[in-house]
Amino acid sequence: MELDTEAARTIELNDGARMPTLGLGTWKSSHLPRTSVQGAVEAAIAAGYRHIDTAYSYCNEVEIGKALRSKMQQCIIRRQDMFIVSKLWCTHHAPDHIPLCLNKSLKDLQLDYLDLYLVHFPVGLKKEGDELFPMKDGEMLTSDIDYLDVWRGMEALQASGKVKSIGVSNFNILQLERLLSLCRVPPAVNQVELHPYLVQTKLIEYCRSKNIALTAYSPFGSPARPPQLLRGDTDPKNLLEDPVIGDIARKHRRSPAQILLRYHVQQGISVIPKSDKPHHILENTKIFDFCLTEENMSALRDLDRGWKACVLDQIKCHPYYPFE
């Protein structure tokens with residue numbers, strides 16, 4: 001395995017673009033003080049991150065935009081050095097709403113274009129003002145808009161030049177197959193939850209076979225979720241404390257977090273850990289100068305339990321719900 005090479009640090013997408021393997025995730029950052037989101041992105045850029053992942057629904061793009069603008073004004077980075085990812089939210093699946101969602105993200109991020117724009121989830125939600133999760137009588141209001149029609153809108157955004165690459169998030173194999181059979185531009189990326197408690201071998205192999213890059217979100221099992229989002233005895237929140245991971249970390253003189261990040265990078269999977277603590281942000285970059293053995297990788301895969309941190313149980317009856 002090559003160490004610390006350009007190839008290890010970036011992934012070539014099927015449209016020729018290069019995506020940095022390590023990015024900063026920012027989901028759940030909206031419940032932090034506004035300044036800490038901006039501070040986390042500034043700390044990440046100072047630590048060498050060039051890939052920042054956000055979304056319309058995270059409600060933090062204004063702060064991320066301020067961080068990017070600040071670092072550009074200090075001549076630390078140029079726009080072309082950065083790989084900025086955002087996502088189309090489920091309430092904006094209608095053809096005329098798709099560009100509105102993108103334009104809001106671009107305005108808040110103070111950018112002219114995105115490097116990668118993803119369909120956040122295959123299920124649409126009804127547009128009720130600015131509600132992210134429109135509800136009525138305790139039920140989430142879904143729409144029946146086909147994600148294939150949403151994808152045509154994404155293709156149009158790419159043709160406009162406002163997004164360089166387009167992809168999806170939370171799509172399963174059947175949904176990808178259907179999309180690939182009818183699309184003009186194949187998705188460059190599928191961003192999904194991946195970690196040793198949720199290995200998803202079939203999905204990884206399928207995406208590889210179709211030259212769709214994978215990005216792993218919640219690589220630590222999303223331990224910082226608010227209590228109401230935790231899932232009882234089948235929740236991966238304690239992944240960092242797993243004794244198998246701890247044992248491998250001790251052998252390599254690394255932290256459990258570094259082992260979990262290396263696990264993805266070594267498979268050619270991009271990974272977007274979230275942290276607002278500068279020492280963790282820096283520690284998470286130090287994953288390109290060591291290798292896990294095949295025995296280590298096998299031990300990590302053997303932890304698979306099918307445990308997901310991120311589900312939308314309220315819409316699991318929808319025909320486009322992607323999780324089993």
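I started at Arg178, which counts as partly exposed at 30% relative accessibility. My cut-offs: buried is under 20% relative accessible area, exposed is over 50%, and partly exposed is in between, with a 1.4 Å probe and protein chains only.

Ground rules before going on. This is a predicted model, so I take local features only at pLDDT of at least 70 and side-chain atom pairs only at pLDDT 80 or more, while totals for chains, interfaces and linings use all residues. Residues are numbered from 1 along each chain as its sequence is written, and side-chain values use heavy atoms, with hydrogens and water left out.

**Entry 1: salt bridges**

What does Arg178 pair with? I find a salt bridge to Asp146, with 2.5 Å between the closest N and O atoms. This pair ties together distant parts of the chain, 32 residues apart: Arg178 sits in helix α6 (residues 173-182), and Asp146 in the loop between β8 (139-140) and α5 (147-160). Helices (H or I, at least four residues) and strands (E, at least two) are DSSP runs, numbered from the N terminus. Asp146 counts as buried because its relative accessibility is 15%.

The rule I used: a side-chain nitrogen of Lys or Arg within 4 Å of a carboxyl oxygen of Asp or Glu. The background is simple, as side chains of opposite charge can pair when their charged atoms come close. The count comes to 13 salt bridges.

I noted two others. Arg78 and Asp81 meet at 2.9 Å, N to O, and Asp81 is partly exposed because its relative accessibility is 28%. Asp276 and Lys277 also form a salt bridge, at 3.9 Å. Asp276 comes out partly exposed at 26%, and Lys277 is partly exposed too, at 40%.

Is Gln175 buried or exposed? With a relative accessible area of 5%, it is buried. Skipping neighbours within four places in sequence, I get contacts (heavy atoms within 4.5 Å) from Gln175 to Pro122, Tyr147, Asn170, Tyr320, Tyr321 and Pro322.

**Entry 2: the second largest pocket**

Next I went looking for empty space. Rolling a probe the size of a water molecule over the atoms shows where it is left. On a 1 Å grid over the protein atoms alone, a pocket is an open set of points where a 1.4 Å probe fits, with protein on both sides within 12 Å along at least five of seven lines; lining residues have an atom within 4 Å of a point. Points are joined across faces, edges and corners, and the volume is the space filled by probe spheres set on them.

The second largest pocket holds about 650 Å³. It has 26 lining residues, and those closest to its centre are Gln200, Lys308, Pro322, Phe323 and Glu324. Elements giving two or more residues to this lining are α6, β10 (189-193) and α7 (201-209). Which element gives the largest share of the lining? That is α7, with three residues.

By class I get 13 nonpolar, five polar and eight charged lining residues. Here nonpolar is Ala, Val, Leu, Ile, Met, Phe, Trp, Tyr, Cys and Pro, charged is Asp, Glu, Lys and Arg, and polar is the others, Gly among them.

**Entry 3: Ile287**

Ile287 lies in the loop between α10 (278-283) and α11 (294-301). At 0% relative accessible area, Ile287 is buried. Beyond four places in sequence, its contacts are Leu22, Gln258, Leu261, Arg262 and Val265. I also checked Ile259, 28 residues away along the chain: its C-alpha atom is 7.9 Å from that of Ile287.

**Entry 4: positive phi**

Most residues other than glycine have a negative phi. I flagged Cys59, whose phi is positive at about 55°. Cys59 is in the loop between β4 (51-53) and α3 (61-73), partly exposed at 41%. Ser222 is a non-glycine with a positive phi of about 55° as well. Ser222 belongs to the loop between β11 (213-217) and α8 (243-252), and I have it as buried, at 4%.

**Entry 5: whole chain**

Zooming out, I count 11 helices and 12 strands. Of the 324 residues, 56% are buried. Residues 24 or more positions apart make up 74% of the contacts with a separation of 6 or more. The C-alpha atoms fill a box of roughly 55 × 45 × 40 Å along the principal axes.
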